[in-house]
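Hi,

Here is the structure I promised to pass on. Have a look at it first, and my notes follow below.

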Amino acid sequence: MPYIISVVSQKGGVGKSTIARMIAVEFARMEGGCWQVLLADLDPSQATAYRWSQWRKENAMKPDIDARPYASPEQVLADSGKYHIVIVDGAPNASRDTLRVAQAEDVVIIPTGTSRDDLIPTVQLANELEKNDISPQTIVFGLNRLGSSPVENKEARDYLEQTGYRVASGELRDMVTYRRASDLGQAITETCLGELNNRARVFFRSLMKELFEANEEQSGER
């Protein structure tokens, strides 16, 4: 069975697809590139993950990422057996599909910005998932697109941590370089600036730490 990671959000503009692409690329690099990775896009009308993967091919980026649009979580699950890792890039707004995806995943990542407009819907989505029997231990918040105010950033982290859900220790700033990298089919760990790549990898590792700990706790409960 593949390890399935779902990246979902209650609203658009919080960097959900950016994080999903980063995770896909970083997993595809692991173990000498022997892991088969699928980036499943559950917004087939936009198919942004597929277009990004095509830009990646046009710019000869390695590793290759198998990114495909899907109309339903059931279609993703039907294909999942061909892969070691499946990253599901959820629809831009939470829907019934979000719940159906979460029920089939090993872990759920919910990215958020620092404003109340981002934070409140983020926590509401986590609460809704928990009400529908998603283990709170498998839900991970990731702070993304942070601004330049340390006070605002700390307030956002404090707000998330008091909810009792997991919060990745790393974080991502809102950088033009990251957006430009995406336009070239790159992940945010593949920009032209090594310092920004390193920051993104720190964020990735902090997510992985939470994901692996969540998986261990779930295994221990079984």
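Let's start with the largest pocket, which has a volume of about 420 Å³. A pocket here is an open set of points on a 1 Å grid over the protein atoms alone, where a 1.4 Å probe fits and protein lies on both sides within 12 Å along at least five of seven lines; lining residues have an atom within 4 Å of a point. The volume is the space filled by probe spheres set on the points, joined across faces, edges and corners.

Of the 27 lining residues, Gly15, Lys16, Ser17, Thr18 and Arg145 sit closest to the centre. Helix α1 gives the most to this lining, with four residues. By class, the lining has six nonpolar, eleven polar (Gly counts here) and ten charged (Asp, Glu, Lys, Arg) residues.

Before you read on: this is a predicted model, where local features need pLDDT of at least 70, side-chain atom pairs count only at pLDDT 80 or more, and totals for chains, interfaces and linings use all residues. Numbering runs from 1 along each chain as its sequence is written, and side-chain values use heavy atoms, without hydrogens and water.

Now the sheet: seven strands form an open, parallel one in the order β3-β2-β4-β1-β5-β6-β7. Helices (H or I, at least four residues) and strands (E, at least two) are DSSP runs, numbered from the N terminus, and two strands pair if DSSP finds at least two bridges between them. β2 (residues 37–41) and β4 (residues 85–89) are joined by five bridges, with Leu39 opposite Ile87.

Cheers
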